Amino acid sequence: MAAMTYYLEVRNLSKRFGDFTALRDVSLDVVEGEFVCFLGPSGCGKTTLLRSIAGLDPQTSGTISQKGRDISALPPAQRDFGIVFQSYALFPNLSVTDNVGYGLVNRRQNKGAIAKRVAELLALVGLPDAGPKYPAQLSGGQQQRVALARALATSPGLLLLDEPLSALDARVRLRLRHEIKALQRTLGVTTIMVTHDQEEALTMADRIVVMNHGVIEQVGTPQEIYRRPATAFVADFVGSMNFMAGTLVAPDRVKVAGVDFACPPQEGLAPGQKVSLCIRPEDVRVRDLPANIANRVPVEVAELDFVGAFCRATLKAQAAADVAVTADFSSNLIRDLGVEIGTKLDIALPPDRLRVFA
Amino acid sequence: MSLVVPGLKVGLSRDDLMMRAGVVLLAAILLMMLGLPLWALLAKGFEDRDGKFVGLANYVSYFSTPALFQSALNSLQVATITTLIVVPLAFLYAYALTRTVLPMRWLFQGISLIPIFAPSLLPGLALIYLFGTQGFFKALLGGGSIYGIDGIVIAQVFYCFPHATLILTTALATADARLYEAAEVLGTSKRRIFFTVTLPGAKYGLISAALVVFTLVITDFGIAKVIGGNFNVLATDVYKKVIGQQDFSMGAVVGMVLLAPAALAFLVDRLVQRKQVALLTARAVPLVPRPKLGRDLFFTAFCLLVSAAILTILGMAIWGSLIKYWPYNLSLTLDNYDFAKFDANGWDSYWNSVRMALGAAVFGTLLMFTGAWLNEKTRGFGMMRGVVQFLAFLPMAVPGLVLGLGYIFFFNAPGNPLGFLYATMGILVLNTVAHFYTVGHLTAATALKQIDPEFEAVSASLKVPIWRTFVRVTAPICLPAILDIAIYLFVNAMTTVSSVIFLYAPDTKLASVAAVNIEEAGTTAAAAALCVVIVLTSAAVKAAHLIADRFLFARLQVWRRR
């Protein structure tokens, strides 16, 4: 099999601002046509990485190549990308038509061709009649779509989205998520989006790059990131996770507050090491526990927080009151089992759903 | 640990190269307009009359001449007294404008700005009519004389009032209503709210206003010239040394002494401004004053009083200019407006002023806005941009007389290839633009900072040259600021006396200078008439700006509407 060539190859990228290191030896490959999300808390370096790829904030060291071409030292104008900012950066004094056509006018196309292309793009983003309006007359969501059309107008090979949905309200954000994703799939344009919203990343991305403190913590599909977080940071940042302090006593056993739990076999961790035993609240089993089920724990319900579709229960181990896990209980379950504060019941932590982090 | 990170050398795009070339060119222009003339002035202070280097001899002789040294003390005294009067007065006025319910607020605001449109000698002339040897109210002085420190201070208060009021209005206008609500909910007394919320909020405005007034008084020349009598100040000394005694070296020394307090005030202001943080966050709720009878009556009365004083001074100048022979024949006439009778140039000097002001407005606005844009938007190139930034701030600290003197030494120096500019309209325009560079540059830079910083990134990604975005997007968005700069330059070019008084040739004499000359020759009425023409012109231009802003540009800028 021939070696796979990637559309975008980032190698050993570092970026320092004075004494502050924003990116530390970051390497990453992006396949052509892929939708990649950079996810992380603010200050993790995700925007810096995006701006390095665009050439707006050049890296201190390392290389970037796009479609086999080394673009590391090229100014932005000589790179091939379209960009959409959180602020939209629409030109307020130009009409929507002029905004979308801004990059086309420079390419010596005739007026008819430009007008046709602009109309096509506006139809594509679902704003066929917005042409004569000015940005200030559009809603936030509409402005974002115009910005998207403008970025796509010159048919760039790479689309960069810098927190494009952060300034919108929740409902519009949900709808635009689907629209952007559908558009990207139709056009097949390689896309990188920066976001701090895990739900956004999980629903939109083909692959997620989770970043923290200037390094990549994990790269994977949304399922991989959620099901098999590679580090404690990823486990904590994406979704909810219970952390229980314990000690690894055998490659596949962790002792928490005197109780032994079976877990998937751990490589690279020596017995005797302090670890965190982790499980997601929705993975905690309560109903129909077989008699011989592994990791059974008798608990007492300490708190019940109503969240709408379900309740998040805080459960304290009967044997050790300082060990607690949260679990998601559906309304049905609460009704069927008559769960209330103080109820005593047995739960099980399925070994294949347990994660162990040093 | 080093702050300099040895980085990857990133290639420069055509835009980058063009911008950098622009910054270098701008630095060269500013150096020619400011840096080199000031350097020439500095050097002149160390030469004797024949141009031989004499070290500090001139300075020694300056400080050992009691009469000259006394002028420095006089300047400080006048500046201090004026500051102590103007700042509280302007604070109350600004407070009335922003924090009380004032009937016809716009009118009071407009009246407070009138002195800006007048050359500084206008209040001096008006005071002569009111309290001079043959003044209306001379008896009120009880044997005292308006010529001297009293006259200077009163005229300076008139002249400096709008500047302090503008700064304090801005400072007081930015208040968060929630701070006041919080204080009231906590049961704080009005007095305590004033001292713990209002005053601290305006602290930087007060300091800034005091420093601006102090500098204006120290560096102003027109008032002391007209009404100073035998009370000498630094500014009149420079004039006497250079024009009267042709002692350029000593003039340069006095100029350097004049530079010191102005530069010091400027430095203090920069330090204070750096400490200031935005009090008004994006989430602040603007304070809207609620009616309160007693307070509103008091402040309306106060504003009426101040406005009456301003209008009296302006009105006196206008009336005086229309009177046949003060105080013996009070019948009205337009004879005093026939300037040819009093000055060889006649009305030509007025048209020179208009031409000069238009030139300064066009050339200056172009240079200031393009320059600020180059300096804000160029990527990297920190050193050179720092140089430009420094040069752009320099004029704020340099009195007009000092700059004008520097121009003589620099442009008149034998062998200077720019010598052809000497005694032309060009040098007057150049000098005026240089003198008022800082405010224009700051206005442009502020406007540019307010627009989305990503416009240039978007243009680069769309492969559109940066200058195209400048012409199509940046400049149109900043049109209001561009017009503000142009009007500011026009008005100041019409009224300035200090920087241009050394630079005119017989055929390029300006109206403000002609007014000084006519007054010197003893014809107060004609000088007043010329001042009135200047006021009317600059006020008319400002009014045209406001009207155009309201009707014409509203149509040009539909895109601002939601």
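## Arg51(A) and its surroundings

Not counting residues up to four places away in sequence, Arg51(A) touches Leu56(A), Asp57(A), Phe85(A) and Glu454(B), where contact means heavy atoms within 4.5 Å. Arg51(A) has its place in helix α1 of chain A, and it counts as buried because its relative accessibility is 17%; buried means under 20% relative accessible area, exposed over 50%, and partly exposed in between, with a 1.4 Å probe and protein chains only.

The model is predicted, so that local features need pLDDT of at least 70 and side-chain atom pairs count only at pLDDT 80 or more, whereas totals for chains, interfaces and linings use all residues. Residues are numbered from 1 along each chain as its sequence is written, chains are lettered from A and ligands numbered from 1 in the order in which they are written, and side-chain values use heavy atoms, with hydrogens and water left out.

Helix α1 (residues 46-54) of chain A lies across β1, β2 and β4 (61-66) of chain A and runs at about 115° to β1(A); axes here are lines fitted to C-alpha atoms, for helices over the stretch in contact, with angles from 0 to 180 degrees between N-to-C directions. In chain A, four strands in the order β2-β1-β4-β5 form an open sheet with antiparallel pairing. Its edge strands are β2 (20-30) and β5 (69-70) of chain A, each of which pairs on one side only. Two strands pair if DSSP finds at least two bridges between them, and strand β1 (residues 8-17) of chain A is joined to β2(A) by seven bridges in an antiparallel arrangement. The bridge partner of Phe17(A) in β2(A) is Phe20(A).

## Chain A as a whole

Chain A has 10 helices and 19 strands, these being DSSP runs numbered from the N terminus (helices H or I of at least four residues, strands E of at least two). Of the 358 residues in chain A, 50% are buried, and the C-alpha trace spans about 80 × 45 × 45 Å along its principal axes. Among contacts in chain A between residues at least 6 apart in sequence, 65% join residues at least 24 apart.

## Charged pairs

A salt bridge is a side-chain nitrogen of Lys or Arg within 4 Å of a carboxyl oxygen of Asp or Glu, and by this rule the count over all chains comes to 28. Three of these pairs are set out below.

| Salt bridge | N to O distance |
|---|---|
| Asp206(A) and Lys181(A) | 3.2 Å |
| Asp346(A) and Arg296(A) | 2.9 Å |
| Lys449(B) and Glu376(B) | 3.3 Å |

Lys449(B) lies in helix α18 (residues 437-450) of chain B and Glu376(B) in helix α14 (residues 348-377) of chain B, so this pair ties together parts that are 73 residues apart in sequence. Lys449(B) is exposed at 61% relative accessibility, while Glu376(B) is partly exposed at 28%. Salt bridges with shared partners also join Glu9(A), Arg11(A) and Asp29(A) into one network.

## Asp260(A)

Asp260(A), in strand β13 (residues 259-262) of chain A, counts as partly exposed because its relative accessibility is 32%. Beyond its neighbours within four places in sequence, Asp260(A) is in contact with residues including Val249(A), Arg253(A) and Asn295(A).
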